[in-house]
Amino acid sequence: MSDALDQNRESALSKLFGARQQALPRGITSICSAHPLVIEAALRRAAREGTVALIEATCNQVNQEGGYTGMTPAAFRQFIERIATKVGFPLEKIILGGDHLGPNPWKKLGVDEAMARAKAMVVAYVEAGFEKLHLDTSMGCAGEGAALDDEVTAERAARLARVAEDTARRIGKSLPVYIIGTEVPPPGGATHAIEELEVTSPDAALKTLAIHTSAFQKAGAGAAMDRVIGIVVQPGVEFGNANVVLYKPDRARGLASSLRRMPGLLFEAHSTDYQTVAELSALVNDGFAILKVGPGLTFALREALYGLDAIRKVLAGGPDSLYAEMETIMLSQPQHWAGHYYGSAEERRMQRHFSYSDRIRYYWPDRRAAGAVDALMAALPDMVPETLISQYLARVYPDIVTGQAAPRPRDLCLAAIDAALAPYSAATASR
């Protein structure tokens, strides 16, 4: 890593961290989830490591109309802070971010209405104290193409930046930092087997910066460009329903080198779920200092819950009750998976439960799913036998035998999520 890239990373992270701490890490993990156990596990790990916690909500997940979680930005903040208070994590060490903020939730509407709602969403995020905003206006609205050209995308992003700046000043909040750029994998991962991806070219990354700089100035938000800390690009990282494309540093060498020509900026890597510690470390080495992860964490939770259900069956007999209940729920409400899973009926059944895209995560808040999980926990012993943990929960077995985690059912779920977070800590920690 060159001195120039190190300086870029330090400058960008210092803007993100603000006055929270002086010793900056090499990078930071962005937790993109609204599951309470995922949030708890992330906060507990951050507490052990003495780091800040970056937690982000997406525009579809959380917005002024509730999103699919039913939470506004203010409600999401309260949700996070309740968990932090419960585990004793300092609220001042939480950074909240908004991801893909733009017209995506309303893209079936005309552009004027969709952008009006996007502006209202940005206002709600800033008013709720979100400090990191990814502006993404790349999607076409009604009557437009699926993707827009760079100039239109930048012009619309600049309008949202102006709204964010004006709102922060009006209410006396700290001015936010921004992420720009949209060359990202599809939300939630690809829907087909993938072998290799086209890495963003250095020229494309530089063009993104230049066009946004011009657009922000024309919109009267030129000062906001000083607080743009990163650009979203495609480093060749992705996961589909059944496979993961690992990071190959050689393919991204040119892209990584372009950061030397963008002082004070870093790259933000989306869909880093399921990368190993080696690949995550290489990403950070190459300037991808913000590593976003979401489905990989709820995938680990689902693994733990299904493993616990298998243990319950060994101990008490009976059917795989949690699996059956989740299958019933997903079949009765197919809207969260039907457009993402393909193939035969058997292939779609497998994907509903075991896909890397983990669209089963949308169903855990359902009252029937929550009831099935509660019933599972009640049916298990207070202390799960180690030998069955070895058999059905191999991801967390090392933590159990070394005493780092207790063999209680809920603690096993937290340990599974924590194990999925561990490679991110190793990749981003100071050296």
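Which residue is the bridge partner of Thr58 in strand 3? In this predicted model, the partner is Asp99. Residues are numbered from 1 along each chain as its sequence is written. Because the model is predicted, local features need pLDDT of at least 70 and side-chain atom pairs count only at pLDDT 80 or more, while totals for chains, interfaces and linings use all residues; side-chain values use heavy atoms, with hydrogens and water left out.

Strands here are DSSP runs of E with at least two residues, helices are runs of H or I with at least four, and both are numbered from the N terminus; two strands pair if DSSP finds at least two bridges between them. From strand 2 the chain passes through helix 3 (residues 73–87) to strand 3 in a right-handed β-α-β crossover, that is, with the strands pointing away from the viewer, the path from the first strand over the helix to the second runs clockwise. Strand 2 also runs parallel to strand 1 (residues 28–31), to which two bridges join it, and Ile31 has Ile55 as its bridge partner. Strand 1, helix 2 (residues 36–49) and strand 2 form a right-handed β-α-β unit as well. Strand 2 (residues 53–58) is largely enclosed by the rest of the structure, because five of its six residues are buried (under 20% relative accessible area; exposed is over 50% and partly exposed in between, with a 1.4 Å probe and protein chains only).

Charged pairs come next. The structure holds 30 salt bridges, each a side-chain nitrogen of Lys or Arg within 4 Å of a carboxyl oxygen of Asp or Glu. Glu56, Asp99, Lys132, Glu268 and Lys292 are linked in a network of such bridges. In helix 2, Glu49 forms a salt bridge with Arg45, their closest N and O atoms being 2.8 Å apart; the two are separated by about one helical turn because they lie four residues apart. Glu49 is partly exposed, at 37% relative accessible area, whereas Arg45 is buried, at 12%.

What does Arg227 form a salt bridge with? The partner is Glu165, with the closest N and O atoms 2.6 Å apart. Arg227 sits in the loop between helix 6 (202–218) and strand 6 (228–232) and Glu165 in helix 5 (residues 150–171), so the pair ties together parts that are 62 residues apart in sequence. Arg227 is buried, with a relative accessible area of 15%, and Glu165 is buried at 2%.
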